[in-house]
Amino acid sequence: MREDIRGVAFDLDGTFYPNYRFYIRLIPFILKEWRYLLAFGNARTILRKTLRDGNFYDLQAHYMAEILKKDGTVIKDKTEKIIYRGWEPLFKKVKPYPHVRETLGALKAAGLSLGLLSDFPAELKLEYLGLHEHWDTVICSEHTNRLKPDPAPFLELSRRMALPPEQILYVGNSVSYDIVGSKQVGMKAALISSPLRTHRRNTGKADFVFSDYRQLREFVLG
């Protein structure tokens, strides 16, 4: 086992499962609510680029309301009902990547601390995916009032795992959010990517790139 890694932390969406397995279940909603989804995405882009004090969910609703020309309270309630609660049951039908459960179990059995940092609430998703048993800490970046790749969520993850950033390997599927965000606070970073896209997507930023969770297990445990 690598002596320089005492904890392994993960992103969730697109990291434990291929994104397409979730997106295909959203097609009816996307067709019906495409303007709302565009506003949601644009609001989060603004929040990634703008550091402002205040409640994250109020700010998100404010930006969405400006885009959609609707009442912010109505937008906030709709977002809670549809995105934060309405989408979660869809994960009951989403199948994780092969060997995810075995890898998490092996890392935990080896004495490593396991953490999870997602830009969305993760607890129910983990339960529906059957991956809820192994964690020492699970946090949502929104609760830090910041989104990845801002340093704040990664530093909070390090604090809750009770490990310095340089002893944590962070695993994700996004170079821009997961790899850049974790590396800028001193963590090691691993990128999950299909073999055909690995070279183009990584551009040398990640410490390790893999397409099969058995490769990650070997990288950490030897």
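Which way does helix 6 pass helix 11, in a left-handed or a right-handed crossing? Before the answer, a word on what you're looking at: this is a predicted model, where local features need pLDDT of at least 70, side-chain atom pairs count only at pLDDT 80 or more, and totals for chains, interfaces and linings use all residues. Residues are numbered from 1 along each chain as its sequence is written, and side-chain values use heavy atoms, with hydrogens and water left out.

**Stop one: helix 6 and helix 11**

Select residues 100-109 for helix 6 and 213-221 for helix 11. (Helices are DSSP runs of H or I with at least four residues, strands are runs of E with at least two, and both are numbered from the N terminus.) The crossing is left-handed, a label used when the near helix is turned anticlockwise from the far one by less than a right angle; clockwise makes it right-handed. The two axes come within 9 Å and cross at roughly 15°. That makes helix 6 roughly parallel to helix 11 (under 35 degrees is roughly parallel, over 145 roughly antiparallel, 65 to 115 roughly perpendicular, and the rest oblique).

Now show side chains. Helix 6 brings V100, E102, T103, A106 and L107 to the contact, and helix 11 brings Y213, R214, L216, R217, V220 and L221. Contact here means heavy atoms within 4.5 Å. By class, that's seven nonpolar, one polar and three charged residues.

Zoom in on T103 in helix 6. At 0% relative accessibility, T103 counts as buried (buried is under 20% relative accessible area, exposed over 50%, partly exposed in between, with a 1.4 Å probe and protein chains only). Setting aside neighbours within four places in sequence, T103 touches Y213, R214, L216 and R217.

**Stop two: helix 4 and helix 5**

Next, pick residues 56-68, helix 4, and 72-86, helix 5. Their axes are 8 Å apart and the packing angle is about 110°, so these helices are roughly perpendicular to each other. Helix 4 passes helix 5 in a right-handed crossing. On the helix 4 side, look for F56, Y57, D58, Q60, A61, M64, A65 and L68; they meet G72, I75, K76, T79 and Y84 of helix 5. The residues of this contact divide into eight nonpolar, three polar and two charged.

H143 sits in the loop between strand 3 and helix 8 (151-161), and is exposed, with a relative accessible area of 59%.

**Stop three: the aromatic rings**

How many aromatic pairs does the structure hold? There are 18. (Rings of Phe, Tyr and Trp, using its six-membered ring, pair if their centres lie within 6.5 Å; planes under 30 degrees apart are stacked, over 60 edge-to-face, and the rest tilted.)

Select F10 and W135: the ring centres are 5.9 Å apart and the planes at 80°, so the pair is edge-to-face. F10 lies in strand 1 (residues 7-10) and W135 in the loop between helix 7 (123-129) and strand 3 (137-140), so the pair ties together parts 125 residues apart in sequence. F10 is buried at 0% relative accessible area, and W135 is buried at 15%.

Then try F208 and F210, a stacked pair with 6.0 Å centre to centre and 10° between the planes. Both are buried.

Notes
Axes are lines fitted to C-alpha atoms, for helices over the stretch in contact, and angles run from 0 to 180 degrees between N-to-C directions. Ala, Val, Leu, Ile, Met, Phe, Trp, Tyr, Cys and Pro count as nonpolar, Asp, Glu, Lys and Arg as charged, and the others, Gly among them, as polar.
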